[in-house]
Amino acid sequence: QVQLVESGGGLVQAGGSLRLSCAASGSINAMGWYRQAPGKEREFVASIITQSGSTKYADSVKGRFTITRDDAKNTVYLQMGSLKPEDTAVYYCSAGDIAAAFFFPPYMGGDYWGPGTQVTVSS
């Protein structure tokens, strides 16, 4: 019953910044960001517990990316800074009721997924 839509992707130069948004049609317990580059596996990026604000980050983005949420708008954001060419991927938003699926390996995510938004970082 939950629909997700991502926005904010685009083309930026290395070292630049972007902010991604994920708007949900309803309230959900946990949400997270994943990414997948062509020819590569999908990988976990960041997650957040909607009401508590507890967060989790992949080692590759710690110190560069920040995940936040606006509970009133059922929206999560991913502020991406110091972008690198290896950050280039389609970024997907996921939502679900089981927080552990977003906070512990293998970071399976939730039952709901958005269509994705493209982020391209030029060198």
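The model is predicted, with local features requiring pLDDT of at least 70 and side-chain atom pairs counting only at pLDDT 80 or more, while totals for chains, interfaces and linings use all residues. Residues are numbered from 1 along each chain as its sequence is written, and side-chain values use heavy atoms, without hydrogens and water.

Thr50 sits in the loop between β5 and β6 (55-57). Thr50 is buried, at a relative accessible area of 10%. Buried means under 20% relative accessible area, exposed over 50%, and partly exposed in between (1.4 Å probe, protein chains only). Contacts (heavy atoms within 4.5 Å) join Thr50 to Ile28, Asn29, Ala30, Met31, Arg69 and Asp71, leaving aside neighbours within four places in sequence.

Along the sequence the pattern reads β-β-β-β-β-β-β-β-β-α-β-β. Of the 123 residues, 45% count as buried.

The largest nonpolar core holds 37 residues. Such a core is a set of buried Ala, Val, Leu, Ile, Met, Phe, Trp, Tyr and Cys residues joined through side-chain atoms within 4.5 Å. Met31, Trp33, Leu78, Met80 and Tyr91 touch the most other members. Strand β5 gives the largest share, five residues. Leu78 touches residues including Leu18, Trp33, Val45, Phe65 and Tyr91, not counting those up to four places away in sequence.

Three aromatic pairs were found. Rings of Phe, Tyr and Trp (its six-membered ring) pair if their centres lie within 6.5 Å; planes under 30 degrees apart count as stacked, over 60 as edge-to-face and the rest as tilted. Tyr34 and Phe44 are edge-to-face, at 5.6 Å centre to centre and 70° between the planes. Tyr34 lies in strand β4 and Phe44 in strand β5, 10 residues apart. Both are buried: Tyr34 has 1% relative accessibility, and Phe44 has 10%. The Phe44 and Tyr107 ring centres are 4.3 Å apart with planes at 10°, so this pair is stacked. Tyr107 belongs to the loop between α1 and β10 (112-113), 63 residues from Phe44. Tyr34, Phe44, Tyr107 and Trp113 form one aromatic cluster.

Conventions
Helices (H or I, at least four residues) and strands (E, at least two) are DSSP runs, numbered from the N terminus.
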